[in-house]
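Please keep the sequence and the three-dimensional view at hand while reading.

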Amino acid sequence: MKTDGSIVRAKYDKFRQINRFLEFIEDILPQLNKTNEQTIIDFGCGKSYLTFAMYYYLKILKGYPIRIIGLDLKKDVIAHCNALAKQYGYDTLTFLCGDIADYTGVNQVDMVVTLHACDTATDYALAKAVNWNAKVILSVPCCQHELNKQIQCDALDPALQHGLIKERLSALFTDSIRAGHLEAYGYRTQILEFIDMEHTPKNILIRAVLEHTQSSNQSFPLSTKAQDDLRAMEQLLHTDLTISRLLPLS
């Protein structure tokens, strides 16, 4: 943003993405408690444009007592973000260097967000959220390579012979499978258009809101038939995806 408040032309797409994400956050505000501190994790936060925007929107503008943790692999970026948080006086905003799959810094989280966490990083973020019984998950996946390498289906061969079609189908099937596994663990899950294709081709958002807390003595909220149908689709595509191993069906 320029000193006069206008948006730098080269950054306009990112500006649109962040503001659209904040609109989705506004939709789930009723799920967040305004009395007790809410813990939010931004997995794969990168330069943290979204993380800072979330903090300002939720704590400064809306008055929610929140603690936000941003996690990323790049040490120099994390150091820079921590310096900015200190400069702005954002005392409950912390940035850590680490891998999503290995993160164990907290025992409970209320909301997990990911904006373009690459390939299976999204799956580890979703599984972490489920294991924490996070109330809300907002995830914009990116670069779904795993299924692209595995997919085999004779009936789809006329489509799969085209690289571009195979890539897009793999992305759509991956996110459908992810949504099914979240539903199996008690989340009301929607797959929504994140933003217009002109701003980014990675324009699908998985929004999941916890409705049934899973425990060892509970049956899965997702019906047996729905689980069988999901398994059948995975078998049809010859997939063995990370999300299926991290969040196995009953």
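Y56 is a residue of helix α2, in a model that is predicted. Because its relative accessible area is 41%, Y56 counts as partly exposed. Together with I60 and L61, Y56 forms a nonpolar patch on the surface, and the accessible area of the three comes to about 300 Å².

The helix itself may be considered next. Helix α2 covers residues 49-61, which makes 13 residues. From the first C-alpha to the last, α2 reaches 17 Å, close to the 18 Å expected at 1.5 Å a residue. Which residues of α2 are buried? They are L50, T51, F52, A53, M54, Y55, Y57 and L58. Just after α2 comes G63, whose phi is positive, at about 80 degrees.

Another helix, α7, spans residues 163-184 and contains S170. Is S170 buried or exposed? S170 is buried, because its relative accessible area is 0% and the limit for a buried residue is under 20%. A polar atom of the S170 side chain lies 2.7 Å from the backbone oxygen of K166. When neighbours within four places in sequence are left aside, S170 is in contact with Q144, L147, N148 and I151.

The charged residues form a further topic. Side chains of opposite charge can pair when their charged atoms come close. In the whole structure, a search finds 10 salt bridges. One of them joins the side chains of R20 and E23, with 2.6 Å from N to O. These two residues are 3 residues apart in helix α1 (residues 12-27), and therefore R20 and E23 are separated by about one helical turn. R20 is partly exposed, with a relative accessible area of 25%, and E23 is also partly exposed, at 37%.

R231 and D228 form a salt bridge in which the closest N and O atoms are 3.1 Å apart. Both count as partly exposed, R231 at 27% relative accessibility and D228 at 40%.

The side chains of E211 and R188 also meet in a salt bridge, at 2.8 Å from N to O. E211 belongs to the loop between β7 and α8, whereas R188 belongs to strand β6 (residues 187-193), so the pair ties together parts that are 23 residues apart in sequence. E211 is partly exposed, with a relative accessible area of 46%, and R188 is partly exposed at 39%. Salt bridges also link D123, D175 and R178 in a network.

H212 is found in the loop between β7 (204-210) and α8 (224-236). Although H212 and R188 are 24 residues apart along the chain, their C-alpha atoms are separated by 8.9 Å. H212 is in contact with Y185, G186 and P221, leaving aside neighbours within four places in sequence. With a relative accessible area of 44%, H212 is partly exposed.

Finally, the chain may be viewed as a whole. How many helices and strands does the protein chain have? There are 9 helices and 7 strands. Of its 250 residues, 47% count as buried. Among contacts with a separation of 6 or more, 75% are between residues 24 or more positions apart. The accessible surface of the protein chain comes to about 12700 Å², and carbon and sulfur atoms account for 50% of that surface.

Terms used:
Residues numbered from 1 in each chain as written. Predicted model: local features only at pLDDT ≥ 70, side-chain atom pairs only at ≥ 80, totals over all residues. Heavy atoms only, no water. Helix = DSSP H or I, 4+ residues; strand = E, 2+ residues; numbered from the N terminus. Expected span 1.5 Å × (residues − 1). Buried < 20%, exposed > 50% of the residue type's maximum accessible area, 1.4 Å probe, protein only. Polar contact = N/O pair within 3.5 Å; in protein donor to acceptor, adjacent residues only side chain to side chain. Contact = heavy atoms within 4.5 Å. Patch = residues over 30% accessible without salt bridge, like charges linked within 9 Å, V, L, I, M, F, W, Y side chains within 5 Å. Areas by Shrake-Rupley, 256 points an atom, 1.4 Å probe, with all protein chains shown as cover. Salt bridge = Lys/Arg side-chain N within 4 Å of Asp/Glu carboxyl O.
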